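Hi,

Here is the model I promised to pass on.

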Amino acid sequence: MNDGQNRRAWLKDLIWPAPENTKTPAETAAYELEHFFAGHSGKAEICLEEALGEGYILSQTEMGYTIRGGEAGILFGAYVLIRALTLQEELPAGEQKPYYPLRMLNCWDNMSGDVERGYAGRSLWFEEGKFSYDLGRIRQLGRMLGSVGINTLCLNNVNVHQPAQHMLDDLLGDTARFAALLRPFGVKLMLSIDFSYPMQCGLDTADPLDERVQAWWAEKAKIIWTAIPDLAGFLVKADSEHRPGPNTYGRSHAEGANMLARAIAPYGGKLVWRAFVYNCMQDWRDTKTDRPRAAYDLYMPLDGAFDDNVILQIKHGPFDFQVREPLSPLLLGMKNTAKAIEFQLAQEYTGQQIDLYAMPPMWKEIFAQMGKERVQAIAAVSNLGRDDNWTGHPFAALNLFAYGLYAWNPDSDPEAVIRQWARLSYDLPKEQTEKLVSVLLRSRSVYEKYTATLGLCWMITPNTHYGPNPYGYEFQAWGTYIRADRSAVGIDRTEKGTGYLCQYPEKMQKLYQDPHTCPDELLLFFHRLPYDFIMKDGRSLIQRIYDDHFAGYEEAKEMASILKDLDLPEPDREEMLARMEAQLRNAREWRDIVNTFFYRFCGVPDERGRTIYP
Ligand code: GCV
């Protein structure tokens, strides 16, 4: 282990320690610039212009550079300047400001020190029911987040497990001290709260319309914001996966969210309410209930009923961060509610920071389809942990870096972002950098081929969510079915089926409703089709399933052989090679198990005579 000063993710050129004594982002900017220009020609001047807020303007002068910006803007601008000079890139021209004012990183850290769906070790700040951290590492964390403009860190799991509430009472002083550590990097704290909190403190109800409950939250908010005046707000998972919520009292989600929102409004707090709510006790024989419908069915009737400081946080797809999902129709449908889109950097379903899965190409598609203006804020589940390299796989840091850039500018170009990360992280010869970029760019499509072809998701090992198990979730209560049998596979979600497709705008309905126009990658998400269905390219459905699984493994091998020749520094190289070996085992297993699963149902051999294990 080290103190976090040696492994710097993409900050390898910031070789001096992260600042210890700065109090404000502008002071941090001055510190970073002073150290940077001690080793580079020129200098930078800072001009504080509060009106620019988080924005900044960079300009070149005869003597060096000028950064004009608001308090946080100066810091974000300073990091961009350092990045541009390091990479010898042009400075961005004119005023730069973040597209989304609220750019959240949601951590699923429990106070026990575990991280739910964490693949990079234990929590960076909790252990044994209290705060426990390496100061240098937290400063380095602040620097990482500030360097890509992430401005809000939600500290604890949305599944609030005790003793997390102590952060809001007897450990409030510790929470405030933690907030002070990140403040100089332009990062504010947010906290996940338990809807039934008042009941753990002596009230006999958490009913949002009960005046005692309202008064209790108002008083609680006063105490919390007195200790942490710039707390960004609360994040709430309610009535979901056995979490408490307003439904217990026959109240709507708007009533629940607004009650909390009113308690924190006087302090400028935001109430971020998650829309990940569905029936997790479904009987698999029930073909009428269709989990992807759940969020739209519940929230569309509430559009316009939420207070101004409520933000509805919606996962990008209607299921749960699967490898391939269509865009959540709620993101398109809700017009009168402030919304945040939620991504998952933690690779729960996308390789668990063992298999490579670079996310920028996915985000590009999502923003192209949705339109960035549909949402007012952005969130991502963190992929960080106490591992020396922060993210388990050294390349998984790319997703955190890229998330910051996309949250600032959703029009970012995936290839350019990946290249920037690669160059900031490693000193490789140009052709090797390009090889790394090309492997990362294709990593998602390779992973998709061997785990989720044609939109078939959920064929994973239950609970752990790593590795193949095509029928693992088939008879469970979570609403995650593929309904494969001897004649067909997939679920008809058109009007004639579950009706999920009807939640989309007409143009999208038209595209998806005919299996001949529906994009291949979503074919079995929207349709139930026989194995001899003929695809657009003339192949049968079953042949396409076989081909993708064979190709996925072959392409993973190609990626491995390219990566092994790169002159990466140690220990990144060793960590990468070990994970790549595991990825190859995983890809082969997926190929064989899924192909065999379908072969046993349909009995159709592979046209090319490759081995399927019957
Ligand atoms: C934090 C999925 C994950 C859970 C997670 C949940 C959520 O179901 O498997 O670990 O809980 O999503 O987003 O709330």
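Which residues lie nearest the centre of the largest cavity? They are A275, F276, A295, P318 and F319, out of a lining of 18 residues.

Before the rest, a word on conventions. This is a predicted model, so to speak of local features I need pLDDT of at least 70, and side-chain atom pairs count only at pLDDT 80 or more, while totals for chains, interfaces and linings use all residues. Residues are numbered from 1 along each chain as its sequence is written, and side-chain values use heavy atoms, with hydrogens and water left out.

Cavities

A search of the whole structure turned up seven cavities of 30 Å³ or more. A cavity here is a set of points, on a 1 Å grid over the protein atoms alone, where a 1.4 Å probe fits but cannot get out; lining residues have an atom within 4 Å of a point. Grid points are joined across faces, edges and corners, and the volume is the space filled by probe spheres set on the points.

The largest cavity comes to about 150 Å³. At least two of its lining residues come from each of α8 (294–299), β12 (310–315) and α9 (329–333). Helices (H or I, at least four residues) and strands (E, at least two) are DSSP runs, numbered from the N terminus. By class, this lining has 13 nonpolar, three polar and two charged residues. For the classes, Ala, Val, Leu, Ile, Met, Phe, Trp, Tyr, Cys and Pro count as nonpolar, Asp, Glu, Lys and Arg as charged, and the others, Gly among them, as polar.

The second largest cavity has a volume of about 110 Å³. W10, Y79, R83, S147 and L424 are among the residues that line it. Helix α2 (residues 71–87) gives the most to that lining, with four residues.

Ligand

Around the ligand there are 15 residues (a heavy atom within 4 Å), and the closest are E116, K237, R274, K315 and E348. This shell has eight charged, four nonpolar and three polar residues. Polar contacts (pairs of N or O atoms within 3.5 Å) include ligand oxygen to the side chain of K237 at 2.6 Å, to that of K315 at 2.6 Å and to that of E241 at 3.0 Å. The protein covers 96% of the 340 Å² of accessible area that the ligand has on its own (Shrake-Rupley, 1.4 Å probe).

A four-stranded sheet

There is also an open, mixed sheet in the order β1-β3-β2-β4, where two strands pair if DSSP finds at least two bridges between them. Its edge strands, each pairing on one side only, are β1 (44–48) and β4 (95–96). Strand β2 (residues 56–60) runs antiparallel to β4, with two bridges, and I57 stands opposite E95 in β4. On to the other partner: five bridges join β2 to strand β3 (residues 65–69), again antiparallel, with L58 opposite I67 in β3. β2 and β3 make a hairpin with four residues between them.

Cheers

How values were computed: 1 Å grid on protein atoms, 1.4 Å probe; cavity = no way out; pocket = protein on both sides within 12 Å on 5 of 7 lines; lining within 4 Å. Polar contact = N/O pair within 3.5 Å; in protein donor to acceptor, adjacent residues only side chain to side chain.
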